[in-house]
Amino acid sequence: MTKSPFNRRLLTVVLLVVYVMATWLAANASLSIQSLVLVAGVFGILAISLDLVAGMLGLYSLGQGGFFGIGSYVTAIAVADLNVSPFLLLPVVIVVSGLCGVIIGAMSLRVSGLYFAITTFIFTLVLTVMATDMQITGGTQGLLGPAFPDFPTGLAWLGAPVAWCILLALLAAAALVWNIRRSPLYPVLLSIRDAEPFAEAAGVRTSAIKIGIFGLSAAMAGTAGWLFSFLGVVSPGQFDWSVSLNVLVMVLVGGINTTLGPLVGAAFVSMFPAVVDINPWLEEVLYGALSILAITVFPEGVVGLIRRQFGKTVQSPVISEDAGAVAPSAVPPTRATDMAGGDIAVECRGIEFSYAVGPKVLRDVNVVVRRGHIHGLIGPNGSGKSTLANVIAGRLRPVAGAIFVKGQQVNGVSPSGRARLGLRRTFQAAQLVRELTTSQNVSVGLYTKIPGIVRRAAIWPLLPSGQRDLGWMTTQAVAALQSVGATNWTERRIGDVPHGVEQLTQLASVCVAAPDIIILDEPATGLSSGEVDHLARILSQLKAQGVTMIIIEHQTRFLLPLCDRVTVLNAGEVVLTATADEVRAHPIVRQVYLGE
Amino acid sequence: MLQFILSGLAIGSVYGLIGMALAISFYVTRVINFAQGQIMMVAIMITATISSAGYSPWIAVILGLLSSCIVAVLSYVIAVKPILAFNRFSFGWLVSTLGFAVMLENAAAYLWGPTSRPFPAILNGYSIHIANAVLTGQQVLAIAVAIVFAAAFELVRKRTLYGKLGVAVATDPDMASAIGGNTTVVAIAAFAISGLFAGVAGILIGPSTFANPYLGSTYGISGFIAMMIGGGTEKPLSAMFGGLLLGVLANGANALIDSQASDWFPFLVLVIILIVTPRGLFSSGGFSFPRLMRRAR
């Protein structure tokens, strides 16, 4: 069921024409129908703005009502008191509400989840109280919003100009999010949502992106408020916390992280009172019951449900038993060797680490990893191997000591900063986005290779360079998956693949960026013996290209033959660093680790 | 001075009880029950209806408390359990508990009408002089009841097997059920207790607010602020301290700034406290709220 690009473009044009005709109808409809449609349209923009942060980043903002209120009040007050044109105010509204979003985001996004929801909730509460108590906002009475300027007489047949403005803004908002969903930023955003350590390890500045996207969402909500101020009175009750929650109801009922879901939800919620013509209290009871029912029975929302019923059936791939035996068919991209730091790739000097409570996990650890070496890191469970890997990759800050990557001291550099230095890593427990395909996950690894992914995302599908870059990224991702032996799995979602393929996907997402240094945390866990042999071949190839590797592994039979040097850790201390043969022969190692 | 501190403590103990009710249900399920204020309202409405039908106010109070416990358990069964069964860390409960609150509030407005009804005076008719301050008997009762309930809850949580099972379920439900704890029963018990706390708050505040279907959201938000100020998300008892502080501050703002100050002053306090110490003022112990949330993500 593949549509040709021409058909798809035709479909888009037809849809656009239908939308414009519908807008014309709405603009010429009776006042009651018009206000119904326009309020639904404004809430549609709000719902889209929430879906942007809640659906793609997992940030359940309860502040949309607050930004909405900022937009409305700024417009109403400025037009009433300063008598400026409302159109001049639109950029002001966008900047003010966007800035509020950035500030709130920066305050609360260091932590995610419920804490973020609560902070934004309190923001809305505070704004409602301010709007009620201040003189300038007109108290509980509110303010009368500005009138929308009329069309010039020749264009009167177009109908009400405010209808055109709102419905075209809705189209623009939907298109913006639609574009982002089709840009390479989309897998990056989902990886921030579901697997933040993975995104950071791919060089993504996760905090900055979260704050930026939240600012964009706040600016959209502010724009919705600007539009809303033309529809009549602006009063505190229209922006209180229940509005924020209603917007969330719209998104969840319609279908989170879908293009149409927020629109369906907004239409349902805002038209519900008009369609259901019964006692207003009973109507509210029914509304409450329906939203509970929707969220408990169809947690994916209306659109999610329809998609599941009528969606494309995923073709089951040809699963070859010996996936690991597939010869590498594509060589990872050629690398420009970065000789900074001379002979030493990674150096740890006197690393000490301990958690807030408990004994020291690392004690005076000194490790030198030479360029082009495979450096093994072995030791019993709890000896501090993964902690050392996290310290080198920047997820954990050492209490004392210094880390040098390619000769540069990186103690103050974030994990994503170290990734951009050419240091990539995999995780012991694979951190991937379950709802994306393996190749989409791998393409996250290319984030640093394409400049301006974030800047261009909003108009990505319209850019010729966008299509080209997207094609290049897909090719690279598929090639990387082929080179690690996961050829048959490129179009499968991570949620549907076995553990071994997850490991290979992690490895591919690291290799695709052609890094200088790779840290592998137990790469052979969960692989069959055939796959382990294949992994060893891949690692040898990488070494032949001059990649430096630090590998943590328990399967010494797999690891030791590969290694140039091996460091043995025990109880947070380095027992020795030597060649594989020396390690095998060392009495203490035989005693504490090999168990002889 | 003494007057507004004491009457602040009285209203604060009501905020604290609602805050604890929120915190107790959050503690076990990691869900903020947005219907908590409305559950309090149900206790008030039932008590008022039964006593105005001619029964003894004490029977009315007992039935009112029973009704709030039942409604709280219903809120768990209808609005929380199905969501958690689907995904423990999803935010669907924001919608479902709000939906439950909307249902309760409007059903009450439909059944009883939107106007206020009389509520039994209980101890409101008595007055007690402490130094130069005057408190009604109801205010003294509020402080006493809050202390007793907070202390009893803390004793049960720390000293009994049920309390420890609650801690276990709160920390890791999968592990708790693996060692034989029935997480559903624990959660239902926690919601019943939270309903009891909310109901008690309603009985304490009822004689001065009278019975009105729209009481829920105001007191629900005050209870939420109490929980956040105190740090009740980690330790339900902290919500009580948060409530007492909130009551005194709001009363003090009314007495010292102007008569409308209690509308916005608590929010100012809350914002400052959350900026300075996001975990709340009275929280302590090994794990912080932000860290907990990061883990829960």
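This is a predicted model: local features need pLDDT of at least 70, side-chain atom pairs count only at pLDDT 80 or more; totals for chains, interfaces and linings use all residues.
**Where the chains touch**

Let's begin with the contact between the two chains, to which chain A brings 32 residues and chain B brings 35 residues. On the chain A side, three helices each supply at least two residues: H5 (114-133), H10 (241-254) and H12 (280-297). H12(A) is the top contributor here, with 11 residues on the side that touches chain B. Sorted by class, that side of chain A holds 24 nonpolar residues, six polar ones and two charged ones.

| Helix pair | Axes come within | Crossing angle |
|---|---|---|
| H5(A) and H11(B), residues 261-276 | 10 Å | roughly 150° |
| H5(B), residues 137-159, and H10(B), residues 236-256 | 9 Å | roughly 160° |

Because of its crossing angle, H5(B) counts as roughly antiparallel to H10(B). The crossing of H5(B) with H10(B) is left-handed. H5(B) puts B:Ala146, B:Ala150, B:Phe153 and B:Glu154 into this contact, where they meet B:Pro236, B:Leu237 and B:Met240 of H10(B). In class terms, the tally for this pair is six nonpolar, no polar and one charged.

Back to the pair that joins the chains: H5(A) also passes H11(B) in a left-handed crossing. From H5(A), the contact uses A:Ile122, A:Leu125, A:Val126, A:Val129, A:Met130 and A:Asp133, while H11(B) answers with B:Asp263, B:Trp264, B:Phe267, B:Leu270, B:Val271 and B:Leu274. That works out by class as 10 nonpolar residues, no polar ones and two charged ones.

**What the record says about chain A**

An unreviewed UniProt entry lists several stretches of chain A as "transmembrane region", among them 114-136, 156-178, 213-235 and 285-306. How much of residues 156-178 of chain A is helix, and how far apart are the end C-alpha atoms? In the model that span is 78% helix with 0% strand, and its end C-alpha atoms are 32 Å apart. For residues 213-235 of chain A, the figures are 70% helix and 9% strand, with the end C-alpha atoms 28 Å apart.

Methods. Residues are numbered from 1 along each chain as its sequence is written. Chains are lettered from A and ligands numbered from 1 in the order in which they are written. Two residues are in contact if their C-beta atoms, placed from the backbone, lie within 7 Å. Helices (H or I, at least four residues) and strands (E, at least two) are DSSP runs, numbered from the N terminus. Ala, Val, Leu, Ile, Met, Phe, Trp, Tyr, Cys and Pro count as nonpolar, Asp, Glu, Lys and Arg as charged, and the others, Gly among them, as polar. Axes are lines fitted to C-alpha atoms, for helices over the stretch in contact, and angles run from 0 to 180 degrees between N-to-C directions. A crossing is left-handed if the near helix is turned anticlockwise from the far one by less than a right angle, and right-handed if clockwise. UniProt positions are given in the numbering used here, feature names are shortened, and annotations may be inferred rather than shown by experiment. Angles under 35 degrees count as roughly parallel, over 145 as roughly antiparallel, 65 to 115 as roughly perpendicular and the rest as oblique.
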